[in-house]
Amino acid sequence: SLFMAMSGGNDWGQYYEALERLPWQYRTIFLVFITFSVFAVVNIVTGVFVENAMQSSRTDREIVVHEEMEDQKAYLKILRDIFAEMDK
């Protein structure tokens, strides 16, 4: 039933209501479990999203640096050609 409450198979409120006949400690433990599990899942999903965004950003930065270096090489070649032409 804990798996069903976490996986969306059944509403966890149904299980909480079923625990009303037991002492309050059981309901508290159930609520702590649900709260911990939900935050753990949200934390994992957020971590995966942030890691993918960081990886994408890192790749983009490398591409920009590479393009700038290629532009600089092309500019230097043009300048060399101009000075070589002026020396003639």
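## Overall make-up

Of the 88 residues in the protein, 8% are buried. The model is predicted. Its accessible surface comes to about 7,800 Å². Carbon and sulfur atoms account for 64% of that surface.

The secondary structure holds three helices and zero strands. Read from the N terminus, the order is α-α-α.

## Helix α3

Helix α3 covers residues 24-87.

Some residues of α3 are buried: R27, F30, I34 and S37.

## Salt bridges

Side chains of opposite charge can pair when their charged atoms come close. The whole structure has two salt bridges.

One joins E70 and K73, with the closest N and O atoms 4.0 Å apart. These residues lie three apart in helix α3, so about one helical turn separates E70 from K73. E70 is partly exposed, at 37% relative accessible area. K73 is exposed, at 51%.

The other joins K77 and D81. Here the closest N and O atoms are 3.2 Å apart. K77 and D81 are four residues apart in α3, so they too are separated by about one helical turn. D81 counts as partly exposed, with 43% relative accessibility.

## A nonpolar patch

Which residues make the nonpolar surface patch? They are I78, I82, F83 and M86. F83 sits in helix α3. With a relative accessible area of 51%, F83 is exposed.

Technical notes:
Residues are numbered from 1 along each chain as its sequence is written. This is a predicted model: local features need pLDDT of at least 70, side-chain atom pairs count only at pLDDT 80 or more; totals for chains, interfaces and linings use all residues. Side-chain values use heavy atoms; hydrogens and water are left out. Patches are made of residues with over 30% relative accessible area and no salt bridge: like charges are joined within 9 Å, nonpolar side chains (Val, Leu, Ile, Met, Phe, Trp, Tyr) within 5 Å. Accessible areas come from the Shrake-Rupley method with a 1.4 Å probe; for residues, only the protein chains shown count as cover. A salt bridge is a side-chain nitrogen of Lys or Arg within 4 Å of a carboxyl oxygen of Asp or Glu. Helices (H or I, at least four residues) and strands (E, at least two) are DSSP runs, numbered from the N terminus. Buried means under 20% relative accessible area, exposed over 50%, partly exposed in between (1.4 Å probe, protein chains only).
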